Amino acid sequence: MIHEYTFRIYYKDTDASGIAYHANYLAYAERARTEMFNEVGLLMPDLLARGDSFVVNHAEIDYKRPAPLNSLVTIKSQILKIKAASCTLEQKFYIEDQEICRILIEAVSVDTHTLRPKRIASDIRSLYEKYLKQE
């Protein structure tokens, strides 16, 4: 399953040339991931309360085209792989049907008390599998 999240590029998001500032793409991607997990009931406050969290340990960004002021951007997110203590997500940004950016994120499961990596809990893994890319 692929999750879709759509938002508009506002004036505050742009640089002097009127296009989305490059660093904002990581924040947009984070919002889309949060909404993706909210959709399946994986709420961050609940995770944190039980001592589970995920930290990004690798991000790879490929910018293809700029996102101009007031454009509607859709992010299509899916999980490419799940390992014992980490997962890799792909997030593609589109304006209409044209891909403008691709971000790969690797996130590691950590214990919020020790900040050490830990196995992804089975209930979280089963929710992640809903967005796992099928070959």
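This is a predicted model: local features need pLDDT of at least 70, side-chain atom pairs count only at pLDDT 80 or more; totals for chains, interfaces and linings use all residues.

Reader: Okay, which residue in S4 is the bridge partner of Ile-75?

Author: That's Phe-93. The strands involved are S3, residues 72–82, and S4, residues 86–95, and they pair in the antiparallel sense over eight bridges. Another pair there is Gln-78 with Glu-90 in S4.

Reader: What joins S3 to S4?

Author: A hairpin, through three residues.

Reader: And how many bridges join S4 to S5?

Author: 10, and those two strands also run antiparallel. Glu-90 turns up again here, with Leu-104 as its bridge partner in S5. The hairpin of S4 and S5 has two residues between the strands, and Glu-96 takes a positive phi near 55° in that hairpin.

Reader: Zooming out, what's the strand order of the sheet?

Author: S1-S3-S4-S5-S2, an open sheet of five strands with antiparallel pairing. S1 (3–8) and S2 (52–63) are the edge strands, each pairing on one side only. From one strand to the next, the twist averages 25°.

Reader: Switching topic: where does helix H1 lie?

Author: H1, residues 24–39, lies across S1, S2, S3, S4 and S5 (98–111). Relative to S4, the helix runs at about 115°.

Reader: Is S4 mostly covered or mostly open, then?

Author: Mostly covered: nine of the 10 residues in S4 are buried.

Key
Residues are numbered from 1 along each chain as its sequence is written. Side-chain values use heavy atoms; hydrogens and water are left out. Two strands pair if DSSP finds at least two bridges between them. Helices (H or I, at least four residues) and strands (E, at least two) are DSSP runs, numbered from the N terminus. Axes are lines fitted to C-alpha atoms, for helices over the stretch in contact, and angles run from 0 to 180 degrees between N-to-C directions. Contact means heavy atoms within 4.5 Å. Buried means under 20% relative accessible area, exposed over 50%, partly exposed in between (1.4 Å probe, protein chains only).
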